Every structure is written in C-alpha cells, then in structure tokens.
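Subject: Structure handover

Hello,

I am passing this structure on to you. Please have it open while you read the notes below.

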Amino acid sequence: MVQRVRVQMTVDNAILVTGGAGYVGSHTVDALCRAGYTVTVLDNLSQGHRAAVPTAAELVVGDAGDRSLLDRILTARPYQAVMHFAARSLVGESMRTPTLYMGDNVQAAQAVIDAAITHRVGKFVLSSTANIFASSDGKLITEDSAIDPGSPYGEGKYMVERLLHWADRCHGLRSAALRYFNAAGAHPDGHLGEDHQPETHLIPIVLDVALGKRPHLQIFGNDYNTPDGTCIRDYVHVCDIAEAHIKVLDVLVDRSVRYNVGTGSGYSVRQVVDAAEKVVGRAIPVQIAPRRAGDPPVLVADGRRLRHETGWQPRLASLETMIATAWEWRRRHPDGYCT
Ligand SMILES: NC(=O)c1ccc[n+]([C@@H]2O[C@H](COP(=O)([O-])OP(=O)(O)OC[C@H]3O[C@@H](n4cnc5c(N)ncnc54)[C@H](O)[C@@H]3O)[C@@H](O)[C@H]2O)c1
C-alpha cells in the first residue's frame with residue numbers, strides 16, 4: 001500500500017521541460033524539483049548550460065523538434081505536463097532571419113504539442129512573450145489588448161498560442177500561454193543566473209559595464225515621451241516567473257488560459273542604471289545612441305488576471321532585488337557557467 005502511494009506520486013508529478021538548461025527554464029526546473037516534481041529536461045544546449053540543470057533533474061540533450069526523441073521520452077513514464085521554453089529568442093536576429101526563426105520555433109513547438117497529444121499529457125505551459133502585443137500608447141497591457149506582433153519572433157510565439165488553442169478545442173490539451181514581460185535577476189543563492197551568448201538584456205549588460213567587461217552602456221534613445229526620455233519596461237524576477245509556472249498547473253484542469261506575467265510597474269533604462277549604480281557602488285558610464293526601430297516607449301503588463309486566478313504574487317519585485325541577485329550571480333560567475 002505504501003509503495004502504491006509512492007508510485008502514484010511519481011506518476012502525477014512528472015514534468016517534461018524543454019529548454020530547461022536556459023535562463024528561465026533552469027530557474028523553473030530548480031523550483032519544480034524543490035516542490036517535489038520529477039523533472040526531465042530536453043535541451044539542445046544551443047544556448048543552455050549543462051551546469052544550469054539541477055542534479056535532481058534528468059537531462060536529455062536533443063532537439064525539441066525531434067519527434068522520435070519526444071516519443072521515447074514520453075513513453076518512459078506518464079507525464080502530468082510539458083513546459084515548453086525551448087526557442088530561439090533574439091528579437092533583432094529574428095528581423096534578419098524571419099523564416100528561420102518562425103520556422104524553427106513553430107516547428108519545434110508543433111512537434112512538442114503533437115507528442116503531448118499522442119501521449120495524453122494533459123497540460124502544456126508555453127513561454128510566450130509581450131512581443132505579441134501591438135503598441136499600447138503607454139497603457140497597461142491586458143490579456144485582451146490588441147495583438148500585433150512586433151517581430152517574426154513574436155509572430156511565431158503567437159502562432160504557437162493559436163496551435164494550442166486548437167489543440168484544446170480538438171483534443172482537450174489544456175494550456176497556459178504565459179506572456180512574460182522582461183525576465184530579470186538570478187536565483188537568490190547565487191547558483192543560477194543569466195548567461196546568454198550574445199547577451200541582449202539590459203540588466204546583465206549594465207552589470208558587464210560595472211565589471212569592466214564593456215566600456216559603457218548604450219542607451220537607445222533618450223527623447224521618448226517618458227519622464228526621463230528613456231524606454232520603460234516591466235521587469236519580473238526570474239524566480240517569480242518560475243513560481244507562476246507551478247501556480248498555473250492548478251488551473252489547467254478544465255480550461256486553457258493566457259496570462260500576462262508582469263508586475264504592473266515599469267522602470268526606465270535610466271532608473272535601471274541609477275539602481276544598478278547603488279547596488280554595485282560604482283559609476284556606470286552610458287552613451288546615448290539613436291532609437292532602435294520598433295522599440296515602444298512603454299511596455300508594462302496589467303498582471304492582475306494571473307494574480308486573481310492563480311494566487312501568484314511576485315515576491316522579488318523590487319528593482320534593487322532583481323539587480324542585487326543578478327549582481328551576486330555575476331560576481332560569483334563573471335564568465336557565466338564556465339566559472
Ligand atoms: N528572457 C526573457 O526576458 C523572455 C521574455 C519573453 C519570453 N521569453 C521566452 O522564454 C523562453 C526562455 O527564455 P530564456 O531567456 O530562458 O532563453 P534561453 O535562450 O536562455 O533558453 C532557451 C533554452 O532552449 C534551448 N533550445 C533552444 N532551441 C531549442 C530546441 N529546438 N530544442 C531544444 N532546446 C532548445 C536553449 O539551448 C536554451 O537552453 C523562450 O521561449 C523565450 O522566447 C523570454
């Protein structure tokens with residue numbers, strides 16, 4: 001009898017995480033393992049790091065678009081859910097190679113969704129993005145705001161959201177599309193963090209300047225219609241995003257959902273630099289560069305639906321905490337997972 005209960009828990013708790021060796025994926029795998037889930041990570045290590053996968057999780061190195069590999073993984077044991085992080089995610093690169101981006105990301109997602117349907121995995125959580133939304137003229141972006149993807153990357157994510165819509169209608173696969181705004185920070189104990197090549201996110205670049213790895217930060221435009229003229233974004237701590245993935249599993253019983261994952265507060269580039277100077281205790285030189293095409297002045301989520309429907313609460317929401325945890329990671333690992 002005792003043994004039956006133990007087996008039952010293992011079966012109910014298995015989660016397949018594609019892209020689990022990457023930045024957001026690895027923090028989520030860590031949270032899942034700590035919460036008692038049995039986790040299998042599928043990652044081709046194109047951007048991810050073996051060392052980012054907790055030892056409690058199984059790592060399978062391979063491509064999320066490899067249907068026969070997915071079949072092998074999903075027949076090994078019953079899975080409760082798939083969390084699909086694996087994707088190319090450089091917006092600028094997607095503007096240069098749109099067919100590659102949309103092709104790869106949509107094809108891989110299609111394979112994972114098909115495999116989930118075939119193997120009767122009941123729940124699917126997608127890493128979607130704020131990049132699917134039309135410019136909001138500075139208003140908070142709700143789940144029902146107008147969709148008009150700002151790049152082939154965003155368009156591909158929206159196509160995957162639509163695949164999931166029909167996978168539910170036709171096969172009953174319940175899904176959550178989590179539209180992250182800007183993931184930031186690192187695990188508070190300093191063992192996991194952000195390590196992208198190339199790095200395009202603001203906070204790690206600011207910290208590279210603080211470490212002397214870059215001479216200055218380029219600020220793309222200081223003449224926007226915002227209080228200090230620089231762009232405003234909604235930063236969400238990566239551990240809070242991880243927590244959102246666990247929370248949504250409970251609502252995926254009889255319906256599919258889509259949530260904006262943001263704090264509802266925006267910070268300008270200038271405010272990020274000022275806060276970083278306080279955290280690291282040194283000046284961060286900046287250089288003003290021309291605006292980048294397609295950068296909206298303000299991109300801030302109305303994240304109330306996620307909070308109300310799942311009980312999610314961002315716990316590490318202050319800008320200083322996000323920067324301080326990222327700084328701790330960068331100080332301990334100045335060359336990322338290689339150090
Ligand atoms: N970081 C953000 O601020 C942010 C914002 C919005 C959405 N997202 C989305 O969240 C997800 C995770 O973002 P991240 O910042 O952790 O990215 P990341 O690049 O750190 O992680 C992606 C992981 O997927 C793996 N991967 C990529 N293509 C693969 C494939 N075909 N098969 C197997 N593995 C593959 C990479 O090796 C990497 O480990 C992505 O889907 C991204 O588009 C991220």
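**Helix 11**

Helix 11 (residues 319–332) has 14 residues, which should span 20 Å at 1.5 Å a residue, and this agrees with its end C-alpha atoms being 20 Å apart. The expected span is 1.5 Å times one less than the number of residues. Helices here are DSSP runs of H or I with at least four residues, strands are runs of E with at least two, and both are numbered from the N terminus.

Before going further: this is a predicted model, in which local features need pLDDT of at least 70 and side-chain atom pairs count only at pLDDT 80 or more, while totals for chains, interfaces and linings use all residues. Residues are numbered from 1 along each chain as its sequence is written, and side-chain values use heavy atoms, with hydrogens and water left out.

The buried residues of helix 11 (buried means under 20% relative accessible area, with a 1.4 Å probe and protein chains only) are Leu-319, Met-322, Ile-323, Thr-325, Ala-326, Trp-327, Trp-329 and Arg-330. They pack against strand 7 (182–184), helix 7 (202–210), strand 10 (235–237), strand 12 (267–268) and helix 9 (269–280).

Leu-319 has a relative accessible area of 3%. Leaving out residues up to four places away in sequence, Leu-319 touches Tyr-267, Gln-271, Val-272 and Ala-275; contact means heavy atoms within 4.5 Å. The C-alpha atoms of Leu-319 and Ser-265 are separated by 9.8 Å, with the two residues 54 residues apart along the chain.

**Helix 8**

Helix 8 is largely enclosed by the rest of the structure, because ten of its twelve residues are buried. Among them are Val-238, Cys-239, Asp-240 and Ile-241.

**The ligand**

A polar side-chain atom of Lys-157 lies 2.7 Å from an oxygen atom of the ligand. The backbone takes part too: an N or O atom of Val-24 is 2.8 Å from a ligand oxygen, and a polar backbone atom of Gly-22 is 3.1 Å from one. Taken alone, the ligand exposes 820 Å², of which the protein buries 94%; these areas come from the Shrake-Rupley method with a 1.4 Å probe.

Regards

Terms used
A polar contact is a pair of N or O atoms within 3.5 Å; within protein, one must be able to donate a hydrogen and the other to accept it, and residues adjacent in sequence count only if both atoms are side-chain atoms. Buried means under 20% relative accessible area, exposed over 50%, partly exposed in between (1.4 Å probe, protein chains only).
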